[in-house]
Every structure is written in structure tokens, then in C-alpha cells.
Amino acid sequence: MGFRKKSKSPPVLSHEFVIQNHADMVSCVAMIVLLGLMFEVTAKYAIMFITVQYNVTQTLDTDAEDKPEPFSYYKYGPKDMATVFFYLLIAIILHALIQEYILDKINRRLHLSKTKHSKFNESGQLATFYSFSFIWGCSILTNEEFVTNPTFLWEGYPHIHMAFQVKFFYICQIAYWFHALPELYFQKVRKEDVPRQLYYICLYIFHITGAYVLKFTLWALLFVITRLLTLTVSVLTFGFGLSRTDNQGFSLAEGNFNVLTVRMTCLSAICLTQAWMMWKFINFQLKKWREQSQIQASKKKAVSPKSRPSKKDSRGGSVNGVMKPDDKTSPRARKSKAS
């Protein structure tokens with residue numbers, strides 16, 4: 001029994017080499033950051049990449065007999081870019097694991113074409129991320145009491161301090177959508193599919209980062225639920241809630257962006273995004289309906305009466321005006337054998 005021939009490995013640091021080994025290379029970078037925690041000199045820099053920064057401890061006064069309870073809240077700042085970068089690496093690693101151990105195995109069983117294979121991988125990755133984000137977002141909405149008391153969305157604005165789960169949710173969301181940009185290269189996305197994916201990737205980055213910086217919390221937490229609910233809550237928050245609060249004005253130092261121009265810009269961006277998504281969805285459904293109609297029409301033409309054989313043809317009497325002999329003997333006269 002002969003040895004199985006190994007496929008020739010691509011040259012080191014070539015495009016094919018980077019694409020095949022990008023998960024391992026990214027894992028090494030993440031491991032270097034984690035190893036930095038072991039040494040005192042580098043620990044203060046490594047911790048900036050791994051943990052959530054800008055924590056503020058506050059005390060909550062309870063009863064007179066009890067001691068005040070300390071709570072940790074968080075703000076945002078430039079160090080968050082390092083944290084986003086680290087969890088961007090984690091997102092690339094998880095993307096490769098889901099692709100290799102789940103999606104690729106399903107693809108081998110389904111035997112999909114290249115086009116359907118690419119769409120299946122994209123849909124599988126997004127479905128996993130949306131499901132996880134939906135469960136996590138609902139948990140935050142419940143724990144922070146946004147569901148039971150929606151007025152928390154605009155009361156006390158600007159919301160300078162965030163709970164740990166809220167800030168970490170933002171960090172992970174931003175890191176995931178930034179990781180989607182290099183994945184266009186790692187996954188060898190076709191050139192005709194790149195503009196479509198860039199559209200929604202950039203839209204998610206723009207809206208989630210804007211919600212994080214401007215301290216408008218709810219839109220990023222509810223974007224995975226429904227377009228209608230997003231529009232309803234956005235109009236309620238930007239159009240009615242924030243416009244009636246006492247803290248009106250624009251101040252970068254205080255993180256206050258509660259002015260009419262910013263509110264209307266955010267609301268318009270959300271409405272235009274939802275309208276664009278619905279327009280793309282409707283066009284997709286119409287295109288699919290037209291393709292089905294064309295398939296049905298082609299099937300009807302294939303079995304139309306004009307293409308059916310005539311009765312004379314089926315009886316074997318004549319074919320195209322030429323008489324067809326019933327027996328298998330040749331019409332030529334046979335020569336008599338000489339005696």
C-alpha cells in the first residue's frame with residue numbers, strides 16, 4: 001500500500017498561505033497578548049487589550065443600617081480601540097472554528113454549487129452571530145430593566161456610565177463587524193459579492209459605533225429583533241423621549257448630544273437603513289418570484305401540444321411524409337442466388 005501524496009504547500013507568506021493559515025496566525029497574536037499578563041513589565045499593556053477599560057466605582061445608598069454597596073460602571077475612551085482589536089482576533093478564530101467544524105461538514109453532505117456554497121457559509125455565520133446577539137441582548141434588556149421601564153432610555157441622559165454587560169456587548173458587536181472586513185479576503189469572497197457585503201457591514205459599523213459614542217443605547221441592542229420594532233422604539237426615543245428631557249444641549253465634555261440636529265440625524269439614518277433593507281428584501285422576493293414564473297413557463301412550453309408527436313407518427317404509418325415500412329426487411333429487392 002503506497003503512501004498518500006501530500007498536496008504541495010504554498011510559499012510562505014503568499015496569499016494562499018495566509019488564507020489557509022490565517023486562523024493559526026491570528027491565534028499566535030492573541031496568545032502573545034495573553035502571555036503578556038505573566039510579566040509585570042508588559043502586564044499593564046496586555047490588560048488594556050483583554051479587559052474592559054474606564055471603570056468607575058460608585059456607591060449605592062440603601063437603608064441607614066446597611067453599608068452602601070459599591071457598583072462598577074464604565075465609560076468609553078481611546079483605549080477601547082485596543083480592546084476592540086483583541087476581540088476582533090477572537091472573532092476571527094471563532095469564525096474559523098464554526099466554518100471548519102460545522103459549516104464545512106454540512107457542505108460536504110449537501111454537495112452545493114460554488115455560488116450556493118458561498119451563500120450558505122455567509123448565512124450560517126450570520127445566523128450564529130444573530131442568535132447569540134439576540135439572546136445576549138434580551139438578557140441585557142431584562143437585567144437593566146429596559147423592558148419593564150422603557151423611560152430609562154431617555155431619563156437621565158446623557159448616560160455617561162454603562163454597566164459592564166452593556167459596554168462589553170458594544171465592544172463585541174463592534175469587534176465582530178470589523179472582523180467581517182478581513183474575512184472578505186480570508187474567505188475568498190467573489191468580486192461580485194463584495195459590494196453587497198460591504199454595504200451591510202459598513203452600515204452595522206456606522207450605526208453601532210454611533211450608538212456607542214453618542215450613548216444612545218437601545219438601537220444597538222434591538223437591531224436583531226425586527227425592523228418594525230426598531231423603527232417604533234427609535235421614533236419613541238429620539239422623537240419624543242429625548243426631546244422632552246430637561247438636559248438639552250451639546251457638550252463634548254459631558255457627553256451630551258441631545259440637540260435636535262443630532263436626534264434627527266440619528267433617526268433619519270435608522271429610518272433610511274430600515275427602508276433600504278426592506279427595499280432590498282422586496283427586490284429579492286420579486287426577483288425570486290420572476291425566476292419561478294420563468295421556470296413554470298418554460299415547463300409549460302416543453303409539454304405544449306405543438307411539440308407532441310402526431311397520431312400518424314405514433315401509428316408508424318409515415319414520418320415527415322415518408323412511408324415507414326412495418327417490417328424490418330430492406331426495401332431493396334434481393335438478388336436470387338445462382339443455383
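I shall speak about the core, then the salt bridges, and finally the surface and the cysteines.

Please bear in mind throughout that this is a predicted model.

The largest nonpolar core has 38 residues, and the members that touch the most others are Tyr87, Tyr170 and Trp177. Two or more residues each are given to this core by helix 1, helix 3 (80-110), helix 4 (114-143), helix 5 (164-186) and helix 6 (194-214). Helix 5 supplies the largest share, with 11 residues. In general terms, nonpolar side chains tend to be buried together in soluble globular proteins.

What does Trp177 contact, once neighbours within four places in sequence are set aside? Its partners are Leu126, Phe129, Tyr130, Tyr200, Ile201, Tyr204, Ile205 and Ile208.

I turn now to charged pairs. The whole structure holds five salt bridges. In one of them, Lys167 and Asp80 meet through their side chains at 3.1 Å, N to O. Because Lys167 belongs to helix 5 and Asp80 to helix 3, this pair ties together parts that are 87 residues apart in sequence. Are these two residues buried or exposed? Lys167 is buried, at a relative accessible area of 0%, and Asp80 is buried as well, at 5%.

A salt bridge also joins Arg196 to Glu122, with 3.0 Å between the closest N and O atoms. Here too distant parts of the chain are linked, as Arg196 sits in helix 6 and Glu122 in helix 4, 74 residues apart. Arg196 is partly exposed, at 34% relative accessibility, while Glu122 is buried, at 13%.

Next, Arg190 pairs with Asp193, the closest N and O atoms lying 3.2 Å apart. Arg190 is partly exposed, at 30%, whereas Asp193 is buried, at 8%. Together with Glu192, these residues are linked in a network of salt bridges.

Helix 1 (residues 15-35) gives the patch its largest share, three residues. Ile47 lies in helix 2 (residues 40-50) and is partly exposed, with a relative accessible area of 34%.

Lastly, the cysteines. How many disulfides does a search of the whole structure find? The search finds zero. Cys28 is partly exposed, at 48% relative accessibility, and Cys202 is also partly exposed, at 43%.

Thank you for your attention.

How values were computed:
Residues numbered from 1 in each chain as written. Predicted model: local features only at pLDDT ≥ 70, side-chain atom pairs only at ≥ 80, totals over all residues. Heavy atoms only, no water. Disulfide = S-S within 2.5 Å. Buried < 20%, exposed > 50% of the residue type's maximum accessible area, 1.4 Å probe, protein only. Helix = DSSP H or I, 4+ residues; strand = E, 2+ residues; numbered from the N terminus. Core = buried A, V, L, I, M, F, W, Y, C linked by side-chain atoms within 4.5 Å. Contact = heavy atoms within 4.5 Å. Salt bridge = Lys/Arg side-chain N within 4 Å of Asp/Glu carboxyl O.
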